[in-house]
Amino acid sequence: MALTLYVDTARWRAHQKQIQDQFPGLIPVCKGNGYGFGHERLCEEATRMGADILAVGTTYEASSIKDWFGGDLLVLTPFRRGEDPVPLPDRVIRSVASLDGVRGLVGARVVIECMSSMRRHGISEQDLGQLHAAIEDVRLEGFALHLPLDRPDGSDAVEEVIGWMDRLRAARLPLHTMFVSHLRAAELARLQQQFPQTRFRARIGTRLWLGDHEATEYRGAVLDVTRVAKGDRFGYRQQKAASDGWLVVVAGGTSHGVGLEAPKALHGVMPRAKGVARAGLATVNRNLSPFVWAGKQRWFAEPPHMQVSILFVPSDASEPKVGDELVAHLRHTTTQFDRVLDA
């Protein structure tokens, strides 16, 4: 019995097609754990979509994915001198974010990242004067901008891209292709209309693979159910049951990513209050699990084990049975399933 990812394949692919239609020339992104689907599966989907380029996170990912995807591979992590050498075919395109990076990739295919308001990495406006000579020794595929998701200052993403287009043009640098991330379809259309001689290519991962939340669902199988009475001790730490109910052992533990949570950016009073409340409950060993039974998320009886979790279901709910499956609200990018079933 397993932690299973169920995929409504027709619906999932219909969403992919919708995104592909909105972003002509889209470059799918396959990095990390493959957004919960795995690298091999996303390579198959990208091939089915007819993608000519697949973006990956690292050279290590490119090394394994090259056997599953036959097109070009764009490595998003910028090249740095002294990095571990990873043998890669010529169809791999490297991102670079500095003059030194460009100079260290003589003869290679490169995409040059420009410093955006993300302030993460990229060449600066001051680099442009020297960049003209440096690109003569590489095969330039284009420039790129990785943009922020939120703009609380009210700034305009399109204007930010236009600003860089103007700087690159003033430096007499080639503008045949611009790779962009985190633009809306209407924003991309505005740019394409304003710069018809430049091909804008959107690199999209989350919106493409995870944009339709109803297309996928995780479920954990019930492995064991044990009745307990109030005060009974249980588990590794021999805690006492707070009331009558059942200890439910369900497939899905820390090795699957259950119990792991990425930090969230909280905005507003209510989300912050809920965060404080969750932290307070955790100090008294009250942690809400991602598993749902009888319409409610159930509490962990104790911290999740490596491959299973133990939940407490109170006696006022129906008793789960071995073989039942509990829906699990899990983060795709931190979850490893045992199996995937296509509907």
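**Terms and values**

Mentor: Start with two helices. In H6, Ala 157, Val 158, Glu 159, Val 161 and Ile 162 meet Glu 187, Arg 190, Leu 191 and Gln 194 of H7. By class, that contact has five nonpolar, one polar and three charged residues. This is a predicted model, where local features need pLDDT of at least 70, side-chain atom pairs count only at pLDDT 80 or more, and totals for chains, interfaces and linings use all residues. Numbering runs from 1 along each chain as its sequence is written, and side-chain values use heavy atoms, with hydrogens and water left out.

Trainee: What are the angle and the axis distance between H6 and H7?

Mentor: H6 (residues 157-170) and H7 (residues 185-194) pack at about 35°, with axes 9 Å apart. Axes are lines fitted to C-alpha atoms, for helices over the stretch in contact; angles run from 0 to 180 degrees between N-to-C directions.

Trainee: Is the crossing of H6 and H7 left-handed or right-handed?

Mentor: Right-handed. A crossing has that name if the near helix is turned clockwise from the far one by less than a right angle, and left-handed if anticlockwise.

Trainee: Why is Arg 199 called partly exposed?

Mentor: Its relative accessible area is 42%. Buried means under 20%, exposed over 50%, and partly exposed in between, with a 1.4 Å probe and protein chains only. The value 42% falls in between, so Arg 199 is partly exposed.

Trainee: Where does Arg 199 lie, and what is it in contact with?

Mentor: Arg 199 lies in strand S9 (residues 199-204). Leaving aside neighbours within four places in sequence, Arg 199 contacts Gly 25, His 176, Thr 177, Met 178 and Gln 192.

Trainee: How many residues does the largest nonpolar core have?

Mentor: It has 89 residues. Such a core is a set of buried Ala, Val, Leu, Ile, Met, Phe, Trp, Tyr and Cys residues joined through side-chain atoms within 4.5 Å. Leu 131 and Phe 143 are among those with the most contacts inside it. H6 gives the largest share of this core, seven residues. A second, separate core of nine residues includes Val 228 and Phe 312.

Trainee: What does Leu 131 touch?

Mentor: Beyond neighbours within four places in sequence, its contacts include Leu 99, Ile 112 and Phe 143.

Trainee: And what share of the protein chain is buried?

Mentor: Buried residues make up 47% of the 343 residues.

Definitions and conventions: Helix = DSSP H or I, 4+ residues; strand = E, 2+ residues; numbered from the N terminus. Contact = heavy atoms within 4.5 Å. Nonpolar A, V, L, I, M, F, W, Y, C, P; charged D, E, K, R; others polar.
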